[in-house]
Amino acid sequence: MAVVTALPHDAEPIAHAPMSYWRAVGWRLARDPATLVAGAVLVCIVLAALLAPWLAPYDPSAGSIRLRLAPVGAPGHVLGTDEQGRDMLSRLLWGGRMTLVAGLTPVLVALALGTVLGVLAGYVGGLTNTLVMRTMDVFYAFPAVLLAIAISGALGPGLPNTLLSLSIVFVPRVVRVAESATVQVKGLEYIAAARASGSGVLPIMRHHLLANVLGPILVFASTQVSLCIILAAGLSFLGLGVTPPAAEWGLMLNTLRQSIYVNAIVPALPGVAIFVTSMAFNLLSDGLRDAMEIRA
Amino acid sequence: MWTYAGRRLLLAIPTLLGASIIVFAMVHLAPGDPIAAVMPAESSQAEIEATKKAYGFDKPLAVQYLVWLGRVAQGDLGRSIATRRAVILDVRDSLANSLVLALSSSLLAFGIGTALGLLAAFRQGRWLDKAASAIAVIGVSVPHYWAGIILIIVFSVWLNWLPAMGAADGGGPLAYLRHMTLPTVALALIPLGVITRVVRSAALDVLNQEFVLALRAKGLAARRVFTHVVKNSAPQIFTVLGLQFGFQLGGSVLVEAVFSWPGTGYLLNLAIFQRDIPVLQGVILVLATFFVLLNLAVDLLQTLVDPRIARH
């Protein structure tokens, strides 16, 4: 067979080699202002939470009865004070730590556990698949908030219980996505080719399967972070999360709720913080999904 | 179609049983003696013995579960620790209020979300599309309990237009409507975001099909093309509506707490506050059952509208 060495006349010469996948993703992300802004906002929020001990002007739990519910812009308290006279800016900075931990940990746990269970169920199939997936279906019998309340409500308040109950909420979701992605990829010809060429189960999983299912799983997990933040703060709002006097955005919203008739702006601030954080995560995951060209 | 419906019905049974196991387990998840989880601390010895017998705490877990399930099947959800009232009565009284709120907020979100999503799809890339996308992102990002507080601040504290708390018992239908306005709006935000998004992408999928091109090519008026697109994206739109309605039932917990709306969410909130495990169990079991049955109904209706689904 003759080997074509020269391009036909009318073919356009290729200016440069095609970009690798991740370079292309980065190239697309760099041209997406909404995602970049969301990313920058998130970096600021995370830094503010990490550096709270140095950034906060006051001790977040030290209040003063004489300075209760000072308005935004009060001298010495830029964002006012809460119902116990504690500095709002300091409490918001410290509160971000709790909310971020409670919002990210369950999704990370779900990512690890859910991927393993889902890929296993999808790849092995048969009875294992039925067993795993039907068990996961049971958790789908509850709307997310209700499942979290059921478990947290029984276990009682506290950060560890919140993390546990939210992890249980998110694991089944990741399992579903991981399983369906695995089943899809498993049916592709190159997996059959790898198997025919004598590859073992583990190398196929590592090199061929995981590489192709991790993208959709990661993107899905990133969409769940904002929901997890809202749920975590919501549990504290109901009195099931972090216990007082700790600073946490949902808890602050709950305790300040009674004060809206005295000062309407300050009680709304923790909610603004939750809103901005969850929106930034949503925009970031949307941008990530578009840039990685994953349809979900 | 009928075999699919039968299979789907059968699949709902293990799901419901599984859900009941989770609810049953709540008593044993609670720290300490399970008897303390279902009895007030000041109960007499005779009461404790009676409850122990009713629950069968001395028997193996599997037997306890079956005994409990048997009582639940007869409508006995236990007694509240705080009020000693039968849980089923409390749930019955509050469920109607929650259903009203779930229905009104779903309808509001459905009306606005469908209109926005369709308009956005037909004006793809224009400002209207961008506005709809922004509303969609805000809708799914906003903590709805906080939105409720903001609504109270604006419409009750500042403008004094609408009441902030309760459901105006005995105040007549107009007072009831005024009370449910703010919680309805707060609850509608999340489904509004989701529905706008789904409707937009469903309509875009249809718009990109060749038959739409053919309709346009033969000179069909834009309004008639619109009708075709709406009809073809209807199955997806109704599915998302049904699912969102289900989420509203459970998701209203936080909003009901904010507005002291006397529904299941408020009941849950009180139960959490008083660590009233039997009430928690009862409300969650009833809501989960509703949720599973609703999802089942959505699935079955979907196959009725679009028989292709049953073949998958």
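Reader: How many cavities of 30 Å³ or more does the structure hold?

Author: The model is a predicted one, and the structure holds two cavities of 30 Å³ or more. The second largest cavity has a volume of about 30 Å³.

Reader: What makes the second largest cavity a cavity, and which residues line it?

Author: The term cavity is used because a 1.4 Å probe fits there but cannot get out. Its lining consists of A:Met98, A:Ala102, A:Leu159, A:Thr162, A:Ala232, A:Ser236, A:Gly241, A:Val242 and A:Glu248. Helix 4 (88–124), helix 7 (159–186) and helix 9 (201–237) of chain A each contribute at least two residues to this lining. By class, the lining divides into five nonpolar, three polar and one charged.

Reader: How do you know that chain B and chain A are in contact, and what area do they bury?

Author: Contact requires heavy atoms within 4.5 Å, and 47 residues of chain B are in contact with 42 residues of chain A. Between them the chains bury about 3700 Å², of which 78% is on carbon and sulfur atoms.

Reader: Why is the pair B:Arg197 and A:Asp286 called a salt bridge?

Author: The closest N and O atoms of B:Arg197 and A:Asp286 are 2.8 Å apart, and the limit is 4 Å; the pair therefore qualifies as a salt bridge. Across the interface of chain B and chain A the rule finds one salt bridge. Seven residue pairs are in polar contact between chain B and chain A, counting those with both residues at pLDDT 80 or more.

Reader: Which helices of chain B supply the side that touches chain A?

Author: Helix 1 (2–29), helix 6 (127–141), helix 7 (144–158), helix 8 (172–207), helix 10 (222–259), helix 11 (264–273) and helix 12 (277–305) of chain B each supply at least two residues. Helix 1 of chain B has the largest share of that side, nine residues. By class, the side of chain B that touches chain A has 37 nonpolar, seven polar and three charged residues.

Reader: What makes A:Asp286 and A:Arg289 a salt bridge, and how are they placed along their helix?

Author: The N to O distance between the side chains of A:Asp286 and A:Arg289 is 3.9 Å, against a limit of 4 Å, so this pair also meets the rule for a salt bridge. Because A:Asp286 and A:Arg289 are three residues apart in helix 11 (residues 265–291) of chain A, about one helical turn separates them. Over all chains the count comes to nine salt bridges.

Reader: How many helices and strands are there in chain B?

Author: Chain B has 13 helices and zero strands. Its C-alpha atoms fill a box of roughly 85 × 55 × 35 Å along the principal axes.

Technical notes:
Residues are numbered from 1 along each chain as its sequence is written. Chains are lettered from A and ligands numbered from 1 in the order in which they are written. This is a predicted model: local features need pLDDT of at least 70, side-chain atom pairs count only at pLDDT 80 or more; totals for chains, interfaces and linings use all residues. Side-chain values use heavy atoms; hydrogens and water are left out. Buried area is the accessible area (1.4 Å probe) that two parts lose on being put together, summed over both. A polar contact is a pair of N or O atoms within 3.5 Å; within protein, one must be able to donate a hydrogen and the other to accept it, and residues adjacent in sequence count only if both atoms are side-chain atoms. Helices (H or I, at least four residues) and strands (E, at least two) are DSSP runs, numbered from the N terminus. Ala, Val, Leu, Ile, Met, Phe, Trp, Tyr, Cys and Pro count as nonpolar, Asp, Glu, Lys and Arg as charged, and the others, Gly among them, as polar. On a 1 Å grid over the protein atoms alone, a cavity is a set of points where a 1.4 Å probe fits but cannot get out, and a pocket is an open set with protein on both sides within 12 Å along at least five of seven lines; lining residues have an atom within 4 Å of a point. Grid points are joined across faces, edges and corners, and a volume is the space filled by probe spheres set on the points.
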